[in-house]
Structure formats: C-alpha cells, structure tokens
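Please keep the sequence and the structure in view while reading.

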Amino acid sequence: MIRRRALSAIQKEEHSEGLPSNYTPVNYLQSSGAQWIEMGVAPSQNTKAVLKIKINEFTNKGASLIGSRSGLNSDDQFTTYLDDYGGTRFLFRMDGQTKAVVFDAVKINTFYTITLSASEMKLELEDGTTVFSKTFSVSDFNSTVTMALFRSKGVSGAYFQGKIYSCKHYNGDELIQDLVPCIDSSGVPCMYDLVEKKTFYNQGTGSFTWG
C-alpha cells in the first residue's frame, strides 16, 4: 500500500507541471464505457501513441481504447480493440493489415504502458517488464478520420471501460500531444494537452470519474 500511495503521489506531481494554475491534477480519468475524448488529429504511418492504462472490464462487443478508421478493411487505420474471444485480448490494427496484432493474455486491474506505432506493439507492466512485443511494418497512408481516446472512431461496439493515466501522441519523433488527466477550474474532469495548452472534454454521455 505504501508503494501504491507513493506512485499515486508521483503521478499527480508529474501531471501538475504545465497545467493551468487553477486546474487540479488527478491520477487518471475513468470511463464507464460512455465517455470519450476527441483528439482532433488524423493518423498516418508516422503516428505513435504511448498510453498508461488499467482495464476495468472486457466485452465481447470489441471495446476500443484509441484510434480511428473509415471502414472495416480500410487502408487508413490506427485501431484498437479489447475483447474476450479466445482469451482476454488486446488487438491493434494499422493501415489495412489483413490481421490485427493480438496479445491474448491481457488482464484487468493491471497497470500497463502500451506503445502503438507503425513498427511495434508493446505492453509493459508497472515495473517495466515487457509482457508482449511484436514488430512489423506498414505502408504509408494519411487518414481523414480524426482519432479518439477511450474509443476508436469508425469502430462499432463498446468503448473502453477503464482508467487512462496518460496518453503521449507522436508524429514520428515529435511529441504533438501530451494528454494528462485533471479537473478544470469548474470542477469538470478533462484531459489537458501539455504541448498545445488545450483542454479536451468528454464528447459522450455522463461524466468521467477520476482518482
């Protein structure tokens, strides 16, 4: 318990740097499966996302964590799924790959750092242990569908049910969004981008919870 409290304090301290003075840092935003964030940036082959998360629940409807696509087999995808078909699975598909990359032993209530790019899908535990890593390559593409967080736009089924502690979004090596959870000056939970100094609010129904 002491270690967990220490980690919680560290995460809040990391989130507080760069926030507006009247915003309050929190460790995570949690979605019930009805809340999501519009990221406003369309993916390409240069897109990379690094997220820190915990999964609360799996669904056989194919819940999504982050991304977008214009169609089921479109060549402009940066798409994620979580389901419990043939194991508790985390799936990632990019640029019209015929098959998604799959890790079928992901767990609920477990802290993961997930890296998603055109060359790698990797999941690491809180202590830095890599539990899954696969490298690959994709063709060049530019999507017209902007990405979302706590869901993938253009993907049917449920949205992510769990906690997001942070999301770093890169174009190649350039950090273009650094989304951290916080409470704004009116007490509304949101994500704040430390790069563009912009606040991102829930585009779904209900409200995020936090901790």
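## Strands and the open sheet

Strands (E, at least two residues) and helices (H or I, at least four residues) are DSSP runs numbered from the N terminus, and two strands pair if DSSP finds at least two bridges between them. The model is a predicted one, in which local features need pLDDT of at least 70 and side-chain atom pairs count only at pLDDT 80 or more, while totals for chains, interfaces and linings use all residues. Residues are numbered from 1 along each chain as its sequence is written, and side-chain values use heavy atoms, with hydrogens and water left out.

Six strands make up an open sheet in the order 3-12-5-6-7-8, and their pairing is antiparallel. At the edges are strand 3 (37–38) and strand 8 (101–103), each of which pairs on one side only. Strand 7 (residues 89–94) is joined to strand 8 by three bridges in the antiparallel sense, and Phe92 stands opposite Val101 in strand 8.

## Cysteines

How many disulfides does a search of the whole structure find? The search finds zero, where a disulfide is defined as a pair of cysteine sulfur atoms within 2.5 Å. For Cys167, the closest cysteine sulfur belongs to Cys182 and is 14 Å away, which is too far for a bond. Cys190 is likewise in no disulfide, its nearest cysteine sulfur, that of Cys182, being 3.7 Å away.

Cys167 is buried, with a relative accessible area of 0%, and Cys190 is buried with a relative accessible area of 0%; buried means under 20% relative accessible area, exposed over 50% and partly exposed in between, with a 1.4 Å probe and protein chains only.

## Aromatic rings

Eight aromatic pairs are found in a search of the whole structure. Rings of Phe, Tyr and Trp (its six-membered ring) pair if their centres lie within 6.5 Å, and planes under 30 degrees apart count as stacked, over 60 as edge-to-face and the rest as tilted. One of the pairs, Phe150 with Phe160, is tilted, with 6.2 Å centre to centre and 45° between the planes. Both Phe150 and Phe160 lie in the loop between strand 12 (148–149) and strand 13 (162–171), so the pair ties together parts that are 10 residues apart in sequence. Phe150 and Phe160 are buried.

Tyr28, Phe111 and Tyr165 form one aromatic cluster.

## Charges over rings

A charge sits over a ring if NZ of Lys or CZ of Arg is within 6 Å of the ring centre and within 35 degrees of the ring normal. The charged end of Lys163 sits over the ring of Tyr28, 5.3 Å from its centre, and that of Lys48 sits over the ring of Tyr170, 4.7 Å from its centre.
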